[in-house]
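Welcome, and please have your viewer ready. We will go through a few selections together, one stop at a time.

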Amino acid sequence: LAWTLLGGLDFLNQITLQLMGPSMDQQVVLVLAFMLVGGLIGLPLSLYQTFSVEQRFGFNKTTWKTWIIDAIKGLGLTAVLGIPLISAVLWVLQMLGPLAWLYAWLGMQVFTVIIQFIAPKWIMPIFNKFTPLEDGSLRSAILEFAAKVKFDLQNIFVIDGSKRSAKSNAFFTGFGRAGEISLDQRT
């Protein structure tokens, strides 16, 4: 908040304008630079939360290597998904007149729904290993419950999430017929 209110965004805008001149590319670089600076400002808090607070209460299982690799993967994902998305939103805001905010919002909603479909298949496996839950009493109980509540469950996976944290032990993801349940290997 202070970074924004004390003129950090304007300072960054002036730098990118001097380097690139006013253009769509400059606006994209400005947003990415703002996100990068915000990430760097939040970095000490993230490190403290993971390696101090969570460690103190026995939740942290993340190693420095895993944390750094996850950060690099996150930056890559931001570049692959974020740059086109930011570019599209800025283009809509610049080109489509007074209702541009509505079109941008609708576009973001469509993007969010698409991510619900692709995240379990292509994004989440970048960070965790997913293996199908073997036949047994747990799998049978989950499938029986899903059938009882008329839930179309496609997959049940076991993930290696406990290598990062001892907090969560299961989650549901997906959208519509792409629903999946993932259980931590500790479960």
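Two strands count as paired if DSSP finds at least two bridges between them. Keep in mind that this is a predicted model.

**Stop 1: the sheet.** Select S1 and strand S2 (residues 155-159): they pair in the antiparallel sense over 3 bridges. For one of the contacts across this pair, pick Phe 130, whose bridge partner in S2 is Ile 159.

Now show the whole open sheet, with its 4 strands in the order S1-S2-S4-S3 and mixed pairing. Strand S1 (130-132) and strand S3 (170-173) are the edges; each has a single partner strand, so one side of each has no neighbour in the sheet. Looking from one strand to the next, you will find a twist that averages 30°.

**Stop 2**

**Stop 3: the aromatic rings.** The model has 4 aromatic pairs. Select Phe 51 and Trp 64: their ring centres are 4.2 Å apart and their planes are at 5°, so this pair is stacked. Phe 51 sits in helix H3 (residues 24-56) and Trp 64 in helix H4 (residues 64-95), so the pair links distant parts of the chain, 13 residues apart.

How are the planes of Trp 64 and Trp 67 arranged? They are edge-to-face, at 70°, with 6.4 Å from centre to centre. These two residues are 3 apart in helix H4, which means about one helical turn separates them.

Is Trp 67 buried or exposed? Trp 67 is buried, at a relative accessible area of 18%. Keep Phe 51, Trp 64 and Trp 67 selected to see the cluster that ring pairs link together.

Key. Residues are numbered from 1 along each chain as its sequence is written. This is a predicted model: local features need pLDDT of at least 70, side-chain atom pairs count only at pLDDT 80 or more; totals for chains, interfaces and linings use all residues. Side-chain values use heavy atoms; hydrogens and water are left out. Axes are lines fitted to C-alpha atoms, for helices over the stretch in contact, and angles run from 0 to 180 degrees between N-to-C directions. Rings of Phe, Tyr and Trp (its six-membered ring) pair if their centres lie within 6.5 Å; planes under 30 degrees apart count as stacked, over 60 as edge-to-face and the rest as tilted. Buried means under 20% relative accessible area, exposed over 50%, partly exposed in between (1.4 Å probe, protein chains only).
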